[in-house]
Amino acid sequence: MKTKVISFLLVVVLGCLLTACNTDEKQYEEANSLMNEGKYAEAAEIFEDLGDYEDAANQASEAWKEDSYQRAIRLMDQGNYQKALSRFENLKDFRDSEAKVQELKEFIIPYADAEQLMTEEKYEDAIEAFNKLGDYGDSMARINEAQIKIRDKKVETSFKTAMEDGTIKALNDFLYRWGEAGYDELVNKANEQIALLKSNSSLSAHILNHPDKATEEEINAFLKDFPGHQDYQKVQNLCTGDILTLLEKGSITVEITGRQNRYMAWVDVTITNKTSLALTVTIPNGVYFETSSLNVPNMAVYGEQTISIPANGSNTKDIRALSMTITPELPGTSVQYTAKHISNAKLEQVIQLLDEADENEHVGLAALWLVTGNYDDYMIRYSWVYKDGTAMISEEELARAKEIVKKVE
């Protein structure tokens, strides 16, 4: 009986061993099949599960390396060179990993960096980078392309400069330098602009020789289309000018009246345009408004101001001006003024300094009174007062005025 039991147990154990061996063998074969299909990670996991079955441990290691190698190759194909380099470096001497590391470091990554410089239009830097690569790939061809890009940029800049200058000379200089370099489109545009400029020289001559007959449309068209024309400034001057120059030319008439204000004097300036062109009239800082009235002050413009006048029309604008002296009255609307050049050099300098310092009207008034009259500090500060009796000009403002006047003494 005992013999039969032992024999039965031996059969059972042997059967189990044979079944286990058959299962390991099947898994081993499955892992090899997965390797052949390129499914290295799946194969590696099965080999690891087989433990010490035959050479499963070694096969698992090789499968993981192959999986990492193939991932590195894909990263290279995708242009992700830094990650590919990291994987190849970790693989050390597996297959040709060391050669891949050398190729990436010496050629592939530097080439990609050079291409990035081309994309960023840093052509000089790209040429230097490609030069270091020698005859690798199409590096020499890329150097040639970068040199062409540099020349293209120079030509485009030269053309843009010539067009912005707008003169026939500037455009001819462009043609002399680049006319035979193969930039036909830009050359044609330059020639067209030269022809246009030559044809419009007759227009500028018409405008300048007969300003009384020139229309506003003709002048505006000329100024818009030919900002660099040799006659541009002359034509523009027909439409702009300072009040005194235009008065002398007879292009305008001017009526100036007082405009009373409690603490600050202004004047109303009405300008009538005697031409058929719209005018922009500037009233420069320091223009002198003189009156024959004894009890009101003469005035000085404080800060350049402009008035736009339609053709054959008029316009009125209140102009900021400072009282030149302390007087019993402020100029009202009945007070008439005449515009003149300021004749006091020291006063002119003080007004200029006030404008440059962007000082307020109180400092401006105090400075003018220090120059034009023998006034003490009290008279300057309390010539005008607020309703509560406080001085209009503070001690600090008077001190600033004295500093400015001191600069011209």
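Start with the whole chain: among contacts (heavy atoms within 4.5 Å) in the protein with a separation of 6 or more, residues 24 or more positions apart account for 59%. This is a predicted model, in which local features need pLDDT of at least 70, side-chain atom pairs count only at pLDDT 80 or more, and totals for chains, interfaces and linings use all residues. Residues are numbered from 1 along each chain as its sequence is written, and side-chain values use heavy atoms, with hydrogens and water left out.

Colour by secondary structure next. The protein has 16 helices and nine strands; these are DSSP runs numbered from the N terminus, helices being H or I of at least four residues and strands E of at least two.

Now select residues 81–91, helix H4, and residues 97–119, helix H5. They pack at an angle of about 160 degrees with their axes 9 Å apart (axes are lines fitted to C-alpha atoms, for helices over the stretch in contact, and angles run from 0 to 180 degrees between N-to-C directions). That makes H4 roughly antiparallel to H5 (angles over 145 degrees). Show side chains: the contact includes Leu-85 and Phe-88 of H4, and Leu-104 and Ile-108 of H5.

Finally, select Glu-359, in the loop between helix H13 (345–357) and helix H14 (361–372). Is Glu-359 buried or exposed? Glu-359 is buried, because its relative accessible area is 14% (buried means under 20%, exposed over 50%, partly exposed in between, with a 1.4 Å probe and protein chains only). Leaving aside neighbours within four places in sequence, Glu-359 is in contact with Tyr-302, Leu-354, Arg-400 and Ile-404.

Conventions
Parallel < 35°, antiparallel > 145°, perpendicular 65-115°, else oblique.
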